[in-house]
Amino acid sequence: MATAAHLAGQLQALADDLVEDYVEHCRMHGSSWTDIGAALGVTRQAVQQRFHAPHKRYGPETMSEDLRGAMVQVKRAAVLHRNNYIGTEHLWWGLTAEPNSATELLERGGVDPAAIHRKVEDRLALGASQAAERIAWTPYSRKAIALAEVRSAESGAARIDCGDLLVGLARVGRGVAATVLTEAGFEVPVLDRTADRDQP
């Protein structure tokens, strides 16, 4: 019974994530709240109340110098590929563009950061957007940075670092980030445990 309840909870969480992804995709591509509500079988007011909550923003002052540098690469990846969103693939590309605490974690876990960088680059699709100033984070990316902030706070650090964001991506466990690691023959929970050993 407990196993069934746990599985039901996981399926519900996945369903919620899928709906949130759908709504975010529709909004980024110009769909109105009325259209989205109709597709979901609810009113415009209901869908707005559920999904139009403001998202926390993470400015440069919340990030370490290394992470600020990585975020420059993250945005560069989105702009070069004409994407109007920042997904986990863009975060991975930025985190593995240059040596930092994230690449150190990967190496200690037996993963070549350069190989991951190349695999992620293969996943970056060319879009049609030219509105770089309107780049929005996807739900999985927002969850990753929120988890990174929690890890940073737990370690007593003043700012979020590259390693924190890498662990955040691992703990989300979904999206391109998790897929690329799995394809590289690396289990995401192993990265999580490797990173936890660095915690005080």
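Predicted model: local features only at pLDDT ≥ 70, side-chain atom pairs only at ≥ 80, totals over all residues.
Residues are numbered from 1 along each chain as its sequence is written, and side-chain values use heavy atoms, with hydrogens and water left out.

The chain contains 11 helices and two strands, taken from DSSP runs (helices H or I, at least four residues; strands E, at least two) and numbered from the N terminus. Along the sequence these elements follow the order α-α-α-α-β-α-α-α-β-α-α-α-α. Of the 200 residues, 40% are buried, where buried denotes under 20% relative accessible area, exposed over 50% and partly exposed the range in between (1.4 Å probe, protein chains only). Contacts are defined by heavy atoms within 4.5 Å; among those between residues at least 6 apart in sequence, 70% join residues at least 24 apart.

Leu67, Ala70, Met71, Gln73, Val74, Ala77 and Ala78 are the buried residues of α4. These residues lie on the same side of α4 because they cover an arc of only 160° around the axis, the arc being that of the directions from the helix axis to the C-beta atoms. The buried residues of α4 pack against β1 (85-86), α5 (88-95), β2 (136-137) and α9 (162-172). In the loop between α4 and β1, Arg82 has a phi near 55°, a positive value in a residue other than glycine. Most residues other than glycine have a negative phi. Arg82 is partly exposed, with a relative accessible area of 34%.

Helix α5 is mostly covered, with eight of its eight residues buried. Among them are His90, Trp92, Trp93 and Leu95. Glu89, also in α5, is buried yet forms no salt bridge, defined as a side-chain nitrogen of Lys or Arg within 4 Å of a carboxyl oxygen of Asp or Glu. The nearest side chain of opposite charge to Glu89 is Arg123, 8.8 Å away; Lys and Arg count as positive and Asp and Glu as negative, whereas His and the chain ends are not counted. Leaving aside neighbours within four places in sequence, Glu89 contacts Val120, Leu124 and Val176.

A nonpolar core is a set of buried Ala, Val, Leu, Ile, Met, Phe, Trp, Tyr and Cys residues joined through side-chain atoms within 4.5 Å. The largest such core has 36 residues, and those with the most contacts inside it are Leu67, Trp92, Leu95 and Leu165. At least two residues of this core come from each of α4, α5, α6 (101-108), α7 (113-123), α8 (139-154), α9 and α10 (176-183). A second, separate core of five residues includes Cys26, Trp33, Ile36 and Val47.

In helix α2 (residues 33-40), Trp33, Ile36 and Gly37 are buried. Their arc of only 100° around the axis places them on the same side of α2, and Ala38 and Ala39 are exposed on the other side. Just after α2, Gly41 takes a positive phi of about 80°.
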